[in-house]
Amino acid sequence: ATLFRREVENVIDWGRETSADPWKAQNISSQKTYGIELRSDLDLDYRSGLIDLSNVSMGYTYLDSDYTHQMNLSNYTANYLKHHFFIQALLKLPFDLRQSVKLNYKERIHHRHYFLLDTKISKKIHRDKFDVETFISASNLLNTSYSQVDGVPMPGRWLEFGVKTI
């Protein structure tokens, strides 16, 4: 668990009076952010048939911020993630495959909450001096509509295939 407080002055942020106005850089006179982070990791050796549940992680972050802002709309300062909860499971599958499944709950200040579900299946290949990981990753499986910055929608459901050196 971590408790924190951050105080800053003369922060620069993008702001505007109305959603029709262009963004412009400006100073924020002061900002105080308070928060708590909680995280727990549990190593398991649970087997059921062909699946081995090796690890479960979960965490929660809460932020609250007081700031003095001269514009009505702020791009970053007033668009912070107030609540973030996640739970992630790591599984060992047959043929030395590994799978991670992660569910996120996110709520930004002044925005609706949303859920994101991601998964990744990977396999490590070791050959002499040749170590790689092949993977397929699926993000936003629930096809949730959301944005991290106002007016910039994040992608819907998408897949990624790859090979990376390890």
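Predicted model: local features only at pLDDT ≥ 70, side-chain atom pairs only at ≥ 80, totals over all residues.
User: Which residue of β7 is the bridge partner of tyrosine 105?

Analyst: Tyrosine 105 has phenylalanine 115 as its bridge partner in β7. The hairpin of β6 and β7 has 4 residues between the strands, and histidine 110 takes a positive phi near 65° there.

User: How many bridges join β5 to β6?

Analyst: Strand β5 (residues 81–93) and strand β6 (residues 97–108) run antiparallel and are joined by 12 bridges. Leucine 91 stands opposite glutamine 99 in β6. These strands also form a hairpin, with 3 residues between them. In that turn, phenylalanine 95 has a positive phi of about 65°.

User: Where do side chains point along a strand?

Analyst: In a regular strand the side chains alternate between the two faces of the sheet. Two contacts here involve a lysine and an aromatic ring. The charged end of lysine 102 sits over the ring of phenylalanine 86, 4.8 Å from the ring centre. Lysine 120 lies over the face of phenylalanine 135, and the distance to the ring centre is 4.9 Å.

User: How do I read a pair of aromatic rings?

Analyst: Such a pair is described by the distance of the centres and the angle of the planes. A search of the whole structure finds 2 aromatic pairs. In one of them, tyrosine 114 and tyrosine 146 have ring centres 4.6 Å apart and planes at 20°, so the pair is stacked. The two residues are 32 apart in the chain: tyrosine 114 is in strand β7, and tyrosine 146 is in the loop between β8 and β9.

User: Are these two tyrosines buried or exposed?

Analyst: Buried means under 20% relative accessible area. Tyrosine 114 is at 4% relative accessibility, so it counts as buried. Tyrosine 146 is at 15%, so it counts as buried too.

User: Where is asparagine 140, and what does it touch?

Analyst: Asparagine 140 is found in the loop between β8 (130–139) and β9 (147–149). Asparagine 140 has a relative accessible area of 3%, so it is buried. Leaving aside residues up to four places away in sequence, its contacts include Leu116, Asp118, Tyr146 and Arg157. The side chain of asparagine 140 also reaches the backbone nitrogen of threonine 144, at 2.8 Å.

User: What does the distance between asparagine 140 and alanine 89 come to?

Analyst: Asparagine 140 and alanine 89 are 16 Å apart in space, C-alpha to C-alpha, and 51 residues apart in sequence.

User: How many helices and strands does the chain have?

Analyst: The protein chain has 0 helices and 11 strands. Of its 166 residues, 33% count as buried. Among contacts with a separation of 6 or more, 49% are between residues 24 or more positions apart.

User: What can be said about the overall dimensions of the chain?

Analyst: The radius of gyration of the protein chain is 21 Å, whereas a compact globule of 166 residues would have one near 15 Å. Taken along the principal axes, the C-alpha atoms fill a box of roughly 60 × 35 × 35 Å.

Conventions. Residues numbered from 1 in each chain as written. Heavy atoms only, no water. Buried < 20%, exposed > 50% of the residue type's maximum accessible area, 1.4 Å probe, protein only. Contact = heavy atoms within 4.5 Å. Polar contact = N/O pair within 3.5 Å; in protein donor to acceptor, adjacent residues only side chain to side chain. Pairing = 2+ DSSP bridges. Phe/Tyr/Trp six-rings, centres within 6.5 Å; stacked < 30°, edge-to-face > 60°. Lys NZ or Arg CZ within 6 Å of the ring centre and 35° of its normal. Rg over C-alpha atoms; globule rule 2.2 N^0.38 Å.
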